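This briefing covers a predicted model. Keep the structure open while reading; the points are grouped by topic.

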Amino acid sequence: MTIEELLKVLEMQEEILQFSHFTHGDAWELGTMIVMEARRRNTPVALKIQMNSGQTIFQYEFDGVTPYTDELADRKLRVVKQMETSSLHLHMLLRQNEESLADMGLDPALYANCGGGFPIRVEDVGVVGAVSVAGVNHVADHDLVVKCISKYLHIDEVPRIRAV
């Protein structure tokens, strides 16, 4: 796929994967679903669901996850909060424009230029929080989140990106 095609898929994902509401209960169910899918894939990850207020309402780290991986999950959350788009979407925009995080005024020590962060967008409200997964591969992290949000929302027809 070209970068332009990837960007279209990423935009479609964010348009399709919107919640009618998002509560702490929703975070628990979605977070548990992501943990179970990561376990099924045998992929140890750090997972966080955080509201825009900064409140972390779900967090799980597999055995062996390093402090670096935990911090990477936080950096992905910051991207979503700042840009209101997935961190993979920002990554692809930067690649397309041959820019860096610093070119956008984002400190690379605080923001991640990779996939795995996805906005929690509530219909008619906007982005209220983010889901972040950090594991082995940033495209696989993004796909894990997209697959689980799709399943949680009972939406079967969501285009996915499995490799870049």
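Strand E2 sends Ala46, Lys48 and Gln50 one way, and Leu47, Ile49 and Met51 the other way. All of these residues are buried, whichever way they point. With 6 of the 6 residues of E2 (residues 46-51) buried, the strand is largely enclosed by the rest of the structure.

**Strand E2 and its partners**

- E2 runs antiparallel to strand E3 (residues 56-61), and 5 bridges join the two.
- Lysine 48 has glutamine 59 as its bridge partner in E3.
- The two strands E2 and E3 make a hairpin, with 4 residues between them.
- In the turn of that hairpin, glycine 54 has a positive phi of about 100 degrees.
- E2 also pairs with strand E5 (residues 126-134), again in the antiparallel sense, over 6 bridges.
- Glutamine 50 has alanine 130 as its bridge partner in E5.

- E4 and E5 pair over 6 bridges in the antiparallel sense.
- Across from glycine 117 stands serine 132 of E5.

**Helix H4 and what covers it**

- Helix H4 spans residues 87-97. Its buried residues are Ser87, Leu88, His89, Leu90, His91, Met92 and Leu94.
- The cover over these buried residues includes three helices: H1 (3-16), H3 (67-83) and H5 (138-152).
- Strand E4 (117-122) is also part of that cover.
- Glutamate 98 follows H4 and has a positive phi, near 50 degrees.

- H1 and H4 pack with their axes 10 Å apart, at an angle of about 155 degrees. That angle makes H1 roughly antiparallel to H4.
- On the H1 side, the contact is made by Ile3, Glu4, Leu6, Leu7, Leu10, Glu11 and Glu14.
- On the H4 side, the contact is made by Leu88, His89, Met92, Leu93, Arg95 and Gln96.
- Leu88, His89 and Met92 are in this contact, and they are also among the buried residues of H4.
- The crossing of H1 past H4 is left-handed.

**Aromatic pairs**

- The structure holds 4 aromatic pairs.
- In one of them, phenylalanine 19 and tyrosine 152 have ring centres 6.3 Å apart and planes at 45 degrees, so the pair is tilted.
- What does this pair tie together? Phenylalanine 19 lies in strand E1 (residues 18-19) and tyrosine 152 in helix H5, so the link is between parts 133 residues apart in sequence.
- Phenylalanine 19 is buried, at 1% relative accessible area. Tyrosine 152 is buried too, at 15%.
- Tyrosine 60 and phenylalanine 62 form an edge-to-face pair, 5.3 Å centre to centre with 90 degrees between the planes.
- Tyrosine 60 is partly exposed, at 30% relative accessibility, whereas phenylalanine 62 counts as buried, at 13%.
- Phe19, Phe22 and Tyr152 are linked into a cluster by ring pairs.

**Positive phi in the loops**

- Most residues other than glycine have a negative phi.
- Glutamate 84 has a positive phi, near 55 degrees. Glutamate 84 sits in the loop between H3 and H4.
- Is glutamate 84 buried or partly exposed? Its relative accessible area is 41%, so it is partly exposed.
- Aspartate 124 is not a glycine either, yet its phi is positive, about 65 degrees. Aspartate 124 belongs to the loop between E4 and E5.
- Aspartate 124 counts as exposed, at 85% relative accessibility; the cut-off for exposed is over 50%.

Conventions:
Residues are numbered from 1 along each chain as its sequence is written. This is a predicted model: local features need pLDDT of at least 70, side-chain atom pairs count only at pLDDT 80 or more; totals for chains, interfaces and linings use all residues. Side-chain values use heavy atoms; hydrogens and water are left out. Buried means under 20% relative accessible area, exposed over 50%, partly exposed in between (1.4 Å probe, protein chains only). Contact means heavy atoms within 4.5 Å. Two strands pair if DSSP finds at least two bridges between them. Rings of Phe, Tyr and Trp (its six-membered ring) pair if their centres lie within 6.5 Å; planes under 30 degrees apart count as stacked, over 60 as edge-to-face and the rest as tilted. Axes are lines fitted to C-alpha atoms, for helices over the stretch in contact, and angles run from 0 to 180 degrees between N-to-C directions. Angles under 35 degrees count as roughly parallel, over 145 as roughly antiparallel, 65 to 115 as roughly perpendicular and the rest as oblique. A crossing is left-handed if the near helix is turned anticlockwise from the far one by less than a right angle, and right-handed if clockwise.
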